[in-house]
Amino acid sequence: MATADQVKALIRCHAAGDDARFYAIAMQVAAQAARSGHSKFAQELRELVDQVKAKASAIESVRGQKPVPLAQPRGELAGLLTVAYPKTRLVDMALTAPLRARLDRVLVEQRQRDRIRAHGFVPMRKLLLIGPPGTGKTMTGAALAGELGIPLFTIRLDGLITKYMGETAAKLRLVFDAILSTRGVYLFDEFDALGSERGSKNDVGEIRRVLNSFLQFLEQDESDSLVIGATNHVQLLDRALFRRFDAVVEYTLPTVEIAIRVMKARLSLLDTSGIDWACAAKASEGLSHAEITHACEQAAKNAILEQSAAVRESELVCALEERRGSHA
Ligand SMILES: Nc1ncnc2c1ncn2[C@@H]1O[C@H](COP(=O)(O)OP(=O)(O)OP(=O)(O)O)[C@@H](O)[C@H]1O
C-alpha cells in the first residue's frame, strides 16, 4: 500500500504537472503492493497507469503539440526563408464567424490529417489569402503555425525575384524541398509579385517563368506542410493560380463589431470605461485592422505619457481620424 510520503509526492507531482514522475511513483506503489501480496490491486494500478499514459499521448499528438525540433534555414535557404515560432492563436484575432469557421476547418483537417489520408483523401493545406493590406493575412499564417505548434517560414517573393534575377526558379525548388523536408506553415507573402506584370519588360519574362515553375511545384507538392499565398492585389493574379489552391480565403475591412473587438483587445490593459465604443467604431470606418491597432497604440501611449491609466475617447477618436486623414 502507498506510504504517506508517496501520497504526498503524488500530490506534489500533480500540482507541478510532472506527469513522468507521477507515473513513476504510481508504479513504485504498484510494485510495493505486489510485494506485500496485494497482487490484484497492483495489477489494477499498473493497468490504470498504462491507460492514462496512452490517453495523454493520444491527446498530445491530436493537438499536434509535440515539440517540433527547432528548424533553422541554413546555407542558401537562409537567404530565402525567415523562420519564426509564433505563439499567436486564432483567439488573438478578431474574425467574423464565417472566417473563423473556415480557419477552424483547416486546423481540424490538419490535426486529423493521418485519418483523412488513411481514407485516401487529402487534408486542406494550400491556401490563398486575399484582401486589403492590414486585414490579418500574415497574422493568420502565424496563428495557424501557433495553433499547430509548427514553425512559420516566410518567403518574400518580390525579394526573391529581384535578388535572384534569372535563377529564381532554381531557388524556388530549394524552398519546395524545404516544404517537403520540414513540416511548417510556408507563407509566400506579397504573392502578387508572381502573378503581376509589373516591372520592366525583361522582368515580365522572368516572372512568367517563375510563375510556371511555382505552379508546377505547388501541384507536385504532397508534403505535410501548409502552403499559404497572401496578396493584396488579387486582380493582378493569374486565374491559373486559383485552381492550384485548396481554398481561397477572403479578408475584408472590419465590420463595426470586429472593429470594436480589435480596439477592446488592444486596449485591454488600460481603463477604457469612459469610451463609447459605437462612437469610436464610427471614427474607425474605412480603416483596416492594422490601422485601428496603430491608432489604439497611439491613444494608449498618450495616456501612459500623461501618467493616466485611462484612455480618453477623444484621444482615441482623434488618433483614428488622423489615420483616416492619411488615406485622403
Ligand atoms: N483580424 C485581426 N484581429 C486582430 N488584429 C489584427 C487582425 N488583422 C490584423 N491585425 C493587426 O494588424 C497587424 C497587421 O496585420 P497583417 O500583417 O496580418 O495584415 P496583412 O493582411 O497581412 O497585411 P499586408 O498585406 O500589408 O501584409 C497585425 O499584426 C495585428 O496587430
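Buried residues make up 30% of the 328 residues in the protein chain; a residue is buried if 20 or more other C-beta atoms, placed from the backbone, lie within 10 Å of its own, exposed if 12 or fewer, and partly exposed in between. This is a predicted model: local features need pLDDT of at least 70, side-chain atom pairs count only at pLDDT 80 or more, and totals for chains, interfaces and linings use all residues. Residues are numbered from 1 along each chain as its sequence is written. The ligand lies between domain 2 and domain 3, because both give residues to the shell around it.

**Confidence**

- The protein chain has an average pLDDT of 85, where pLDDT is the predictor's confidence in each residue, from 0 to 100.
- A pLDDT of at least 70 is reached by 88% of the residues.
- Residues 64-69 stay under 50 in pLDDT.
- For residues 64-69 the model has ten contacts beyond four places in sequence; two residues are in contact if their C-beta atoms, placed from the backbone, lie within 7 Å.
- The model scores are ipTM 0.98 and pTM 0.76.

**Overall fold**

- The protein chain has 16 helices and six strands. These are DSSP runs, numbered from the N terminus: helices are H or I with at least four residues, strands are E with at least two.
- Three domains are assigned: domain 1 (4-62), domain 2 (75-250) and domain 3 (256-325). Their bounds come from an automatic or database domain assignment.
- The centres of domain 1 and domain 3, taken over C-alpha atoms, are separated by 52 Å.
- Of the contacts between residues at least 6 apart in sequence, 77% join residues at least 24 apart.

**Ligand shell**

- The ligand is surrounded by 17 residues, the closest being P133, G136, T138, H289 and A290. A residue counts as near a molecule if its C-beta atom, placed from the backbone, lies within 6 Å of it.
- Helices α7 (137-148) and α15 (289-305) are the elements that give two or more residues to this shell.
- By type, the shell has nine nonpolar, seven polar and one charged residue. Ala, Val, Leu, Ile, Met, Phe, Trp, Tyr, Cys and Pro count as nonpolar, Asp, Glu, Lys and Arg as charged, and the others, Gly among them, as polar.

**Nonpolar core**

- The largest nonpolar core has 62 residues. Such a core is a set of buried Ala, Val, Leu, Ile, Met, Phe, Trp, Tyr and Cys residues joined through C-beta atoms within 7 Å.
- Helix α7 supplies the largest share of this core, six residues.
- Domain 2 and domain 3 each give at least three residues to this core.
- I155, V185, Y186, L187, I228 and L316 have the most contacts inside the core.
- Beyond four places in sequence, Y186 touches F153, I155, I179, S225, L226, V227 and I228.

**Individual residues**

- T82 lies in strand β1 (residues 82-84). T82 has 13 other C-beta atoms within 10 Å, so T82 is partly exposed.
- T82 and R156 are 74 residues apart in sequence, yet their C-alpha atoms are 9.0 Å apart.
- Q307 sits in the loop between α15 and α16 (313-325). Q307 counts as exposed because it has 6 C-beta neighbours inside 10 Å.
- Q307 has a positive phi, near 60°, and is not a glycine.
- R323 belongs to helix α16. R323 is partly exposed, with 19 other C-beta atoms within 10 Å.
- Beyond four places in sequence, R323 is in contact with L287, E291, H294 and A295.
- R323 and S284 are 39 residues apart along the chain, with 8.6 Å between their C-alpha atoms.
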